[in-house]
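Hello,

Please open it first, then read the notes below it.

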Amino acid sequence: MKYQSQKVAYAYFLAAMGLFGIQVIGGLLAGWIYISPNTLSELLPFNIIRMIHTNALIVWLLLGFFGAAYYLVPEESEREIYSVKLAYLQLIILVVGTLGAVASYLVGIHGGREFLEQPLWVKFGILVAAVIFLVNISLTVLAGRKTAITNVLLTGLWMLSLLWIFAFINPSNLSLDKMYWWFIVHLWVEGTWELVMASILAFLMLKLTGVDREVIEKWLYVIVATALFSGILGTGHHFYWIGLPGYWQWVGSIFSTFEVVPFFAMMSFAFLMVWKGRRNHPNKAALLWSLGSATVAFFGAGVWGFLHTLHGVNYYTHGTQVTAAHGHLSFYGAYVALNLAMFTYAMPMLRGRAPYNQVLNMASFWLMTGGMAFMTFVLTFAGTIQTHMQRVVGDYYMDVQDQLEIFYIMRFGAGVAVVIGALLFIYSQLVIRREIVEPGKVDVLPDGERA
């Protein structure tokens with residue numbers, strides 16, 4: 001670790017991993033309720049569990065992004081963070097807001113808009129935290145060296161924060177309400193978050209492969225251009241369901257098919273950089289997570305997104321388990337795995353020793369990735385059957401759900417694997433196992449410093 005202020009990232013990573021554990025356990029409980037619908041129905045209804053599962057996902061991913069920024073920006077800018085105190089204040093606001101939102105959900109207080117259920121005071125807290133972050137990071141970057149990585153990262157984070165303003169706008173017109181809702185939900189994950197993903201992945205490739213910065217930056221700009229080109233108008237593949245003009249059918253279908261391109265570019269970029277670098281980096285687990293993130297994102301966000309994005313197909317599949325299959329694999333690959341890659345790379349240096357527990361860490365990768373892949377296939381088959389029985393034949397929704405029980409059981413089994421993998425990952429990051437070091441040898445940190 002080169003800069004003392006990078007230690008701020010450690011607190012963010014710890015908070016993110018804590019929420020990550022809660023999020024996957026909540027998802028497992030939700031998966032069980034699909035099998036046994038009356039489980040905790042009075043004490044903890046399914047809609048509350050679903051809120052906790054999805055909200056915890058979004059918040060811990062954002063905490064990971066913020067922590068990654070506080071780690072990589074000092075190295076890229078070649079200066080300390082503008083204000084460490086502001087960074088910790090931001091974290092406190094986010095954690096208090098998260099706990100407040102969960103407490104509100106448990107007593108039935110929520111906004112009702114999916115993913116944006118947070119009470120108004122929590123939304124304001126998130127906005128204040130975002131402003132603190134933007135001021136802190138922007139002043140750091142402006143006072144130091146400017147690189148393509150920090151430029152793209154800042155662009156993504158500024159856009160992400162500005163789009164959050166639409167969370168406060170809740171018009172009575174349902175079509176307008178859903179349009180503003182998609183400005184956040186879609187333009188976050190298929191626009192601004194892609195920029196954040198690309199910049200963090202570029203930083204990891206720079207550190208792990210040793211490829212020249214110029215090569216990485218050229219790839220980064222191409223990825224960003226394709227992400228914005230496809231993602232902004234690709235939002236239209238949601239618009240034709242909410243009462244907007246019919247031309248959005250074609251605009252959405254055409255541009256959303258191009259959303260495969262940036263994810264394919266990121267996957268190609270990651271593997272090409274590793275091949276060109278040919279560097280034997282000691283942190284093999286971080287490299288595995290980086291390559292895994294780019295690959296799974298291509299299949300989850302790219303291929304599975306394309307499978308049902310054309311309006312002629314989406315007319316039948318919209319809101320079925322096909323959507324759930326796409327959502328789970330894309331979030332896991334594009335953002336969950338990327339954050340875990342950053343944690344795996346940075347935590348050893350933040351804790352001041354060589355990469356540790358790498359076998360456990362890599363085992364957690366295969367458990368989580370395998371579980372998520374199996375879950376995606378199961379949900380895809382379930383969604384296909386659901387589409388035919390419910391949308392083509394016209395069977396009743398609950399009758400169809402009864403026929404899908406075997407798929408939900410298999411999905412729950414996949415969820416168990418994901419949860420075990422997640423807990424194993426957290427253990428591998430936090431618990432240092434004693435290792436036998438041969439006489440005359442010392443641990444070496446990933447950046448070459450001695451422990």
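How many salt bridges does the structure hold? The structure holds six. Keep in mind that this is a predicted model.

Salt bridges

One of the bridges joins the side chains of E117 and R50, with N and O 2.9 Å apart. E117 is in the loop between α3 (84-106) and α4 (120-143), while R50 is in helix α2, so this bridge ties together parts that are 67 residues apart in sequence. R50 has a relative accessible area of 21%, so R50 is partly exposed.

Helix α2 also contributes E76, which forms a salt bridge with R213. Here the closest N and O atoms are 2.7 Å apart. With a relative accessible area of 1%, E76 is buried. R213 comes out at 21% and is therefore partly exposed.

A further bridge runs between R145 and E78, where the closest N and O atoms are 3.6 Å apart. Both residues lie in loops: R145 in the one between α4 and α5 (148-163), and E78 in the one between α2 and α3, so the pair ties together parts that are 67 residues apart in sequence. R145 is partly exposed, with a relative accessible area of 29%. E78 is partly exposed as well, at 49%.

Aromatic rings

The count of aromatic pairs comes to 41. Take F65 and Y335 as one of them: the ring centres are 6.2 Å apart and the planes stand at 80°, so the pair is edge-to-face. An angle over 60 degrees is what gives a pair that label. F65 sits in helix α2 (residues 46-77) and Y335 in helix α13 (residues 321-350), so this contact ties together parts that are 270 residues apart in sequence. Are these two residues buried or exposed? Both F65 and Y335 are buried.

Y71 and F203 make another pair, with ring centres 6.5 Å apart and planes at 80°, so this pair too is edge-to-face. Y71 lies in helix α2 and F203 in helix α6 (residues 174-209), so the link ties together parts that are 132 residues apart in sequence. Y71 has a relative accessible area of 0% and is therefore buried. F203 is buried too, also at 0%.

Ring pairs can also link up into a cluster, as they do for F65, W164, W188, W193, F331 and Y335. The F65 and Y335 pair described above is part of this cluster.

Charges over rings

Two contacts of another kind are listed last. The charged end of K178 sits over the ring of W181, 3.8 Å from the ring centre. The charged end of R411 sits over the ring of Y34, 4.5 Å from the centre of that ring.

Regards

Notes: Residues numbered from 1 in each chain as written. Predicted model: local features only at pLDDT ≥ 70, side-chain atom pairs only at ≥ 80, totals over all residues. Heavy atoms only, no water. Phe/Tyr/Trp six-rings, centres within 6.5 Å; stacked < 30°, edge-to-face > 60°. Helix = DSSP H or I, 4+ residues; strand = E, 2+ residues; numbered from the N terminus. Buried < 20%, exposed > 50% of the residue type's maximum accessible area, 1.4 Å probe, protein only. Lys NZ or Arg CZ within 6 Å of the ring centre and 35° of its normal. Salt bridge = Lys/Arg side-chain N within 4 Å of Asp/Glu carboxyl O.
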